[in-house]
Structures are given as structure tokens and as C-alpha cells.
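Please look through the sequence and the structure before reading the notes.

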Amino acid sequence: MFRLTLDGKPLVLAKRTSLLDALQTAGIDVPHLCHDARLKPFGACRLCIVEVDGEARPVAACATPVHDGMRVRTRTAELETLRRTNLQLIARHYPKEAVLAEPLHPFHRLLAEYGVEAGGDVHRDLFHDDSHPYIGTAMERCIQCYRCVRICEEVQGQFVWEAWGRGEGTRIAPGKGDTLLSGGCVGCGACVDTCPTGALFDKRVTAEPDNWTRTSCVYCGVGCQMEVGRSAGRVVAVRPANSPVNRGHLCVKGRYAFDFNHADDRITSPMIRRDGGWEPVCWDEALDFTARRLQEIVDRHGPDAVGVLGSARATNEENYLAQKFARVVIGTNNVDCCARVCHTPSAKALKTMLGTGAATNAFDDIEATNAFLLCGANPTENHPVVGARIKQRVLQGARLIVVDPRRTELAALADVHLAVRPGGNVPLFNAMAATLVEEGLVDRDFVAARVVGFADYVAFVADYTPEKMAAVCGVAAGDIRAAARLYAAGRPSMCFHGLGVTEHLQGTEGVMALINLALLTGNLGKPGAGINPLRGQNNVQGAAQMGCDPASLTGAQSFKDAGPRFEAVWGRKLPASHGLDLLQMMDAARDGELKAIWAFGYDIYQSLADAAETGTALSRLDLLIVQDLFLNRTATFGTVFFPAASVFEKDGTFMNSDRRVQRVRQVLPPPGDAKPDWWIIQALAERLGKPDGFAFDGPEAVWNEVRALWPAGAGLSYPRLDNDSPNWPCTDERHPGTPVLHADHFADGKAAELARIPFVATPEQVDDTYPLLLTTGRTLNHFNAGTMSYRTPNATLAPSDTLDIAPVDAAAYGLKDGDIVRVRSRYGHACLPVHVTPAMRPGQLFTSFHRPDLFVNQLTSSVRDRLVHAPEYKVTAVRLEKPDG
């Protein structure tokens with residue numbers, strides 16, 4: 001315990017902290033300019049100086065740790081004189097007009113408080129850049145607090161800003177390049193957040209917000225918390241909130257890419273397709289029309305002729321109602337969501353082997369680990385805030401193994417980069433396991449206590465030595481062994497994986513092979529360890545967890561175990577037939593067996609692999625209900641369109657990648673006749689004559705029913721979520737949450753069984769006609785099908801998807817940056833601009849899939865995961881051609 005006396009008042013602290021933190025805890029305001037709670041103490045501005053008994057001179061509170069018995073004075077006449085003098089020195093080269101124009105900046109407020117006038121003797125020849133769409137510069141206001149330099153280094157890890165020169169000649173400017181963008185800026189806006197003067201500012205804020213609302217980000221699965229500013233009925237600004245997930249940080253999409261909400265092509269009225277075109281109608285007509293058509297299909301073909309698709313764009317409450325609608329109103333288990341194409345392989349593998357289909361550890365364990373095994377994931381682009389945390393931990397000394405065909409930003413920092421050939425994950429992970437066994441790197445105590453089937457696994461994996469698998473997976477045997485040693489020695493070692501593992505013929509089995517590595521080394525059930533999928537979309541974890549899955553109920557509970565409880569609460573028997581997953585629905589639609597689909601916020605035609613096959617399936621439906629913000633590609637085949645409210649226009653919850661349920665709060669009302677998904681579902685249930693169970697007065701009431709049915713989430717009430725976001729399982733309101741799963745036992749018992757996964761090569765192979773291997777993925781500035789991000793200035797940051805190609809291949813084809821080339825596969829073609837980069841290995845290509853008009857999924861194959869049918873987006877054999885004309 002630390003007992004302090006602060007300005008004559010006692011304060012007791014349970015743990016050591018800085019003196020400035022202690023003063024703030026006591027409600028004592030001490031001026032400061034160079035301090036930011038996200039940064040290491042700096043002590044340069046000398047404004048937070050205080051007097052401490054026993055010290056010969058005043059000390060900087062931000063850089064002074066507390067000690068027991070400390071007696072502190074903060075507002076003596078001598079201190080105030082020193083502060084005023086320091087402010088005068090800082091302000092002598094500061095523009096007077098800046099203080100008058102924007103008096104609310106922290107530095108300007110301090111000048112007013114101490115009666116200090118800006119000197120107006122402004123330095124010249126300062127850095128100026130107007131090229132960035134979001135971040136503006138006014139460096140005549142720079143007071144050299146170094147907060148921008150430090151936050152770019154200590155939080156984002158981008159090292160854009162540097163101090164040039166010395167003394168009076170010191171200037172802050174990018175360390176490389178003539179502009180922010182050429183200097184490596186990723187647009188996170190952290191430097192703007194921390195700047196106390198407006199030397200760096202948000203160009204996007206054209207009106208001062210009259211209201212700020214805390215909510216959750218709608219982009220990736222990290223689940224960053226943010227505050228959204230509203231003015232005149234529009235979203236005008238976003239700033240980061242402090243939470244365990246993002247710790248006061250955001251990425252370029254979460255912070256700046258919000259203009260989609262007010263896009264000119266936003267659909268705000270229900271529509272019915274008539275005479276080949278869309279006709280706006282009122283809600284009564286749209287709902288009556290849809291109910292009548294659905295009822296006709298059910299009467300004629302049975303309930304299993306209808307499918308319902310939930311969405312990661314929708315809240316937990318809305319996804320819960322979607323699957324309840326399918327099972328109660330329609331009477332079918334034909335319900336799924338976009339998790340099928342990305343997250344389901346991870347969930348299946350984790351559920352099968354460990355009993356819970358979710359990440360084993362919380363993001364907070366990033367700072368507790370000694371080594372990372374990063375597989376098929378590019379988090380600094382696809383999960384940027386988590387990526388920045390991983391990067392910071394590596395810069396602090398954690399070891400890093402990256403498994404990725406490309407040389408990504410983190411691969412360049414890795415101790416070992418395993419540039420696996422696409423499709424070679426299983427033999428690679430098996431070879432790492434063989435190394436662990438052969439070299440005695442197995443945690444024998446953990447295996448003895450918590451693992452089943454070790455002897456059989458040792459015999460199986462003996463055939464997968466690195467020397468045997470090197471040619472199969474495209475990685476040198478020595479590198480495989482080095483990676484296995486690092487992972488075993490790092491304990492605790494933390495594994496993150498992404499879609500580069502799951503979107504394969506053996507996607508589920510690839511995750512199972514990773515789980516084997518964790519079991520062999522004892523990297524489960526402890527902080528800083530585990531197997532952790534990085535979910536691609538904001539609520540893909542929640543959509544599946546709410547029961548948008550044909551084979552499980554809310555909470556990923558089985559029909560056998562939980563079915564009677566659901567029937568009792570819902571007052572209806574559950575459907576008896578086995579439901580179809582998304583890909584099976586496409587097959588059934590193609591074959592004329594599925595007649596109707598209701599798709600929530602999910603552009604399945606744009607998003608599914610092998611677009612030609614998807615288009616054929618959709619064209620054969622009798623009824624396709626599209627529910628979205630915009631007329632997406634799926635709407636090409638649509639029968640009726642329901643305009644949905646956006647994330648800024650409704651309440652509810654999202655569930656992020658590390659098992660946190662977090663609040664979504666309405667910032668402003670939906671435009672026109674747009675409605676929240678939950679309202680639309682309930683209205684259609686009423687039209688179909690089954691309103692019972694669909695008369696909730698709002699999302700909180702829906703969530704309370706979810707909690708009643710899902711024991712692991714019972715403690716996550718709205719009042720608690722307003723102040724906290726514990727990791728589930730959280731079984732009651734006193735439960736602290738569960739950051740680490742499987743500490744003493746697995747969900748299905750004390751021990752888990754090792755999985756013997758033989759390698760099965762994908763049928764999608766290169767040959768003389770298709771000699772190059774294409775893989776797909778996401779990039780920093782855009783998200784999925786570009787529905788949101790391409791309707792924002794992010795489109796200027798990254799105007800197009802590109803075809804990334806190795807220099808040797810570019811030379812062989814006579815290609816240079818910017819050339820347009822036709823990429824042709826066995827399934828279709830797409831034309832893309834070329835980007836020549838040494839990040840690619842010869843014979844391999846990469847492209848993202850964000851720009852709808854380029855329609856990259858015309859290329860991808862019909863190969864699917866063997867266990868859960870996720871498409872194999874990561875392996876397509878292609879050739880390059882000159883485009884027509």
C-alpha cells in the first residue's frame with residue numbers, strides 16, 4: 001500500500017503508479033503538455049512540476065513514481081511562477097491567430113489560464129502537407145512536445161514522425177518521404193489525437209460535434225471502442241475510446257471511413273422488382289408481398305425450400321432473431337451466415353478438439369507472451385490495432401514466427417518467415433510437430449496430464465519430418481525446425497491465425513494441426529498462449545454464436561443438449577430435418593430444390609467463390625429478399641429489397657474475436673424508411689401470422705432472452721455491458737469473465753486428443769495452361785466487398801485492387817506497375833492493374849477483392865473445405881493475358 005498526502009489530503013493506493021496518475025485519481029488537476037496516458041513518461045514540458053518533501057527542487061509528476069509517505073504540493077506560488085515562465089518560453093514562437101481561432105485546444109486553454117500571450121514570432125520553412133485525405137498539418141503550431149513522434153513509435157509502431165535539427169532549429173517532419181503518405185503513414189490518426197495545439201488536425205471534421213456517442217466499430221473483428229460525433233443529423237467525426245481491446249487507438253477505417261452512412265446511393269425505401277426494375281413501395285406493401293410469397297413457397301414445397309442468412313453486419317440480437325425466425329416462423333434449420341466462408345473452420349476445429357469453438361485467450365495476453373506464431377494472417381493490415389500491439393511486443397523482444405506466402409510487414413520483422421506454398425499448411429504444421437517430437441521439445445508434464453493419443457500421434461507424425469515435407473510445402477527443412485524450436489522455447493507462445501489457414505480444402509484440418517502444436521508444447525490454458533483466430537468481420541463471431549448455423553443453436557449449443565430448453569422458451573418444437581449450410585443452399589438453389597433466400601447485409605454474389613456458379617444458383621430462386629444499405633450485386637437477382645439501418649442508427653451488441661460482447665449505441669435515426677434488422681424480422685413474423693416470440697420492444701429485451709438460453713453469457717446484462725466487457729464465459733453478474741479458456745480442463749473433459757491429420761492436396765493445381773498460383777486477401781484501407789470503404793475517401797488512399805507479382809515474373813511477362821492485365825482461371829477472368837513487388841515469390845500472385853466492379857471472385861474455384869464447406873479462396877491456378885483493346 002502507498003499512503004500519500006496530496007495538497008494536505010490523504011490518498012491510499014493499492015499499487016505503484018506515477019505521481020501524475022495519483023494526482024488525477026485524487027481529482028487534482030495539474031497542467032501538462034507532453035504527457036499522454038498511452039505513452040511512456042517524458043517529462044519535457046515541465047508544466048506538471050510539483051514539490052515533494054525531501055526533494056531539493058520540483059519534480060515532473062508524470063515521470064516520478066509514488067512512494068509510501070510521499071507529501072506533495074501542487075499549487076504553490078513558486079510552482080505557478082515556474083509554469084508561467086515555461087509557458088512563455090513555449091509560446092514565444094507561437095501564432096497568435098491560432099489561439100484566437102481555436103481557444104479550446106489544451107495548449108490554448110493553458111495560455112488563457114496563466115495569462116500568457118502567444119509571441120507570434122513563428123518559425124518558417126516548416127513541414128507542410130495537404131496531400132493526405134484525412135490528416136492536415138499546421139506545423140507553425142508545433143511546440144515540440146514530441147507526442148506525435150512518440151505515439152507513432154510507441155503505439156502504432158510506424159515511425160513516421162521524427163525530430164530534425166537541434167535546439168532552436170528543431171523541426172518535426174516525416175523521417176522518410178516528402179509527404180505523410182510517402183513517409184509510411186497508415187492514417188490511424190493517433191498523432192492528431194495526441195497533438196495539444198492543432199499542429200496536426202482532422203481534415204474531416206467540418207462541424208463541431210454537438211453530441212458524442214460511444215459505440216463499437218463496424219469493420220474488423222477486433223471490436224475497437226470509439227466515440228462518434230454527430231452534427232446536424234450526420235456523423236462528422238470519430239475518435240477512439242479507451243477499452244481493453246483498443247486502448248485508445250483506432251485504424252484508418254474505424255476512425256475515418258464513415259461517409260458510407262450518408263452516401264448518395266443509400267437505399268431508404270422498400271422496393272419490389274416489377275417489370276424488370278425496382279419500384280419503391282411502403283413497408284406494408286413490401287411486407288405483405290414478401291409474406292405472401294414465402295407462405296406460397298412453404299405451402300407448395302415445404303419449409304426446407306427456404307433459407308435464411310444472418311450477417312456480421314447485424315447485431316447479436318438481430319442474428320438471434322434471424323435464426324429464430326427460420327426455426328420458429330418458417331420451420332427450417334436452413335440458416336447460416338458469412339462465418340461459413342471464414343470463421344466456421346476455426347470454430348469447428350476448436351469445438352472438436354477443445355470443446356469451445358472460440359479463441360482461447362484474450363488480446364491482453366499479447367503483452368504477456370514471449371513468442372508469436374502468426375499463421376495465414378496479416379494483422380497490421382487486416383486487424384490493425386491488434387497488429388500494432390503485436391508489433392510493439394515484438395519490438396520489445398518477443399520472438400516472431402510468420403507463416404505466410406507473402407513477405408508482409410510483420411514477416412519482415414520475424415525471426416523466422418515460413419513462406420509456405422499456398423495449400424501447404426497441413427504438411428508444414430505436421431513437420432513442425434514432428435520436429436517437436438524428434439528433438440524432445442514436447443512439454444511432457446502437460447502431455448501426461450492433459451493430452452490423449454500421444455503414442456499414436458508420434459507414430460503418425462514420424463512420416464512428416466521437415467526433410468520429407470520441405471518440397472511439399474515449399475519451405476526449407478532448416479527453417480521449419482527453427483520455427484518449431486522458437487515456438488517451443490518461447491513458452492508462453494501465442495498463436496494467431498487467419499483466413500490464410502481456414503480458406504482451404506483442409507482449412508478446418510489446418511487449424512486442428514495448429515491445435516496439435518499447442519497441445520504438444522503446453523501452450524493452452526495459460527496467459528500469453530493459446531490458439532486464437534483473428535475474425536475477419538466485426539460480428540462474425542456473434543452471428544455464428546447466436547445460432548446462425550444449421551447444426552447448432554444459440555451459444556453453439558447442440559440440439560441434443562439444449563433443444564428442450566429452447567422449445568420451452570420458444571413454445572414450439574424445433575425443426576427435425578438437418579439444415580443446409582450456405583454452400584449447400586447454393587447447390588440446392590442451383591438444383592431447383594431451394595426456392596427462397598433471405599440475405600441480411602451479405603452480398604453473397606459478390607462474396608462467394610466461383611461467381612458464375614453462385615449467379616446460376618441465385619437466378620433459379622423464386623424469391624430472393626435482399627436486406628442491406630445499398631443495392632449490392634446480389635440485388636441483381638433480388639425480388640424484394642428491405643432498406644436496413646446502419647451501425648450508427650441502431651442499438652444492440654457485437655461480439656469480437658476475443659470473446660467480448662460490446663455495446664452498439666444509436667447515434668442518429670435511420671434515413672427515410674430504413675429500419676433496424678430486428679424491426680424488419682419482427683414485422684415479417686407478424687405478417688406470417690406468428691407474432692408470438694417476436695414482439696420485443698427493443699434489443700435489450702431480445703438480449704435478455706439470449707442470456708436466458710445461453711448459460712455462458714448469462715452474466716452479460718446491458719447495465720453491466722455499459723461499464724464492462726468481460727470475456728465469456730460469464731455465467732452470472734458477479735462472474736469476472738474468463739480471459740483464458742481451458743486453464744484446468746477442456747470443455748469436454750480433463751484431456752484433449754491429438755488429431756492425426758494426413759495431408760490431402762487441393763485439386764486446384766498449376767499446369768502448363770494455368771502456370772501461376774493466385775491467392776486473395778484484404779488490405780489496410782478497404783474492407784471485404786468495399787460496400788462501406790469505397791464510399792469514403794479511403795478510395796483515394798487505395799483506388800483499386802492490384803495484382804501483386806514478383807519482379808522476375810513481371811519481367812517474364814513484360815509487365816510494369818500500372819499495366820492492366822487479364823487474369824484467367826478455369827472459372828472466369830478479371831482485369832487488374834499490376835503491382836510489381838518483392839513481397840511475392842516467383843510463380844505466385846496476390847490480389848485483394850474490395851472493388852466490386854473488378855469482381856475478383858469470378859476467378860476463384862469451387863473447391864471447398866472437406867468438413868464445413870468453406871470455399872478455398874486461397875488457391876487458384878491462373879494465367880495472364882493481355883486485355884482486349
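Is arginine 659 buried or exposed? Arginine 659 counts as buried because its relative accessibility is 0%, where buried means under 20% relative accessible area, exposed over 50% and partly exposed in between, with a 1.4 Å probe and protein chains only. The model is a predicted one: local features need pLDDT of at least 70, side-chain atom pairs count only at pLDDT 80 or more, and totals for chains, interfaces and linings use all residues. Residues are numbered from 1 along each chain as its sequence is written, and side-chain values use heavy atoms, with hydrogens and water left out.

**Backbone features**

- Arginine 659 has a positive phi of about 70 degrees although it is not a glycine.
- Arginine 659 sits in the loop between strand 26 (652–655) and strand 27 (661–664); helices (H or I, at least four residues) and strands (E, at least two) are DSSP runs, numbered from the N terminus.
- Asparagine 784, also not a glycine, has a positive phi of about 45 degrees.
- The loop between strand 29 and helix 29 (794–797) holds asparagine 784, which is buried with a relative accessible area of 16%.
- Arginine 491 and proline 492 are joined by a cis peptide bond with omega of about 0 degrees.
- Proline 492 belongs to the loop between helix 18 (477–489) and strand 21 (493–497).
- Another cis peptide bond, with omega of about 5 degrees, links tryptophan 728 to proline 729.
- Proline 729 is in the loop between helix 28 (718–721) and strand 28 (752–753).

**Sheets**

- Strands of a sheet pair through backbone hydrogen bonds, either parallel or antiparallel.
- Strand 1 (residues 2–6) and strand 2 run antiparallel and are joined by five bridges; threonine 5 has proline 10 in strand 2 as its bridge partner.
- Another open sheet has seven strands in the order 14-13-25-24-23-15-16, and its pairing is mixed.
- In this sheet the edges are strand 14 (277–280) and strand 16 (335–336), each pairing on one side only.
- Strand 23 (residues 596–600) pairs with strand 24 in the parallel sense over five bridges, and phenylalanine 600 stands opposite glutamine 627 in strand 24.

**Cores and a buried loop residue**

- The largest nonpolar core has 96 residues, and those with the most contacts inside it are Phe325, Leu582, Trp598, Phe642 and Trp703; such a core is a set of buried Ala, Val, Leu, Ile, Met, Phe, Trp, Tyr and Cys residues joined through side-chain atoms within 4.5 Å.
- A second, separate core has 56 residues, including Val420, Phe446, Val447 and Phe460.
- Threonine 634 lies in the loop between strand 24 and strand 25 (640–643) and is buried, with a relative accessible area of 1%.
- Beyond neighbours within four places in sequence, the contacts of threonine 634 include Tyr602, Asp603, Leu618 and Val626, where contact means heavy atoms within 4.5 Å.

**Cavities and a pocket**

- There are nine cavities of 30 Å³ or more; on a 1 Å grid over the protein atoms alone, a cavity is a set of points where a 1.4 Å probe fits but cannot get out, a pocket is an open set with protein on both sides within 12 Å along at least five of seven lines, and lining residues have an atom within 4 Å of a point.
- The largest cavity holds about 670 Å³ of space; grid points are joined across faces, edges and corners, and a volume is the space filled by probe spheres set on the points.
- Lining the largest cavity are 43 residues, of which Arg313, Gln537, Ser607, Asn784 and Ala785 are the closest to its centre.
- Helix 24 (604–607) and strand 24 (623–628) each supply at least two residues of that lining of the largest cavity.
- The second largest cavity has a volume of about 350 Å³, and strand 29 gives the largest share of its lining, three residues.
- The second largest pocket has a volume of about 1000 Å³.
- This second largest pocket is lined by 38 residues, with Glu381, Thr779, Leu780, Asn781 and His835 the closest to its centre.

Notes:
Two strands pair if DSSP finds at least two bridges between them.
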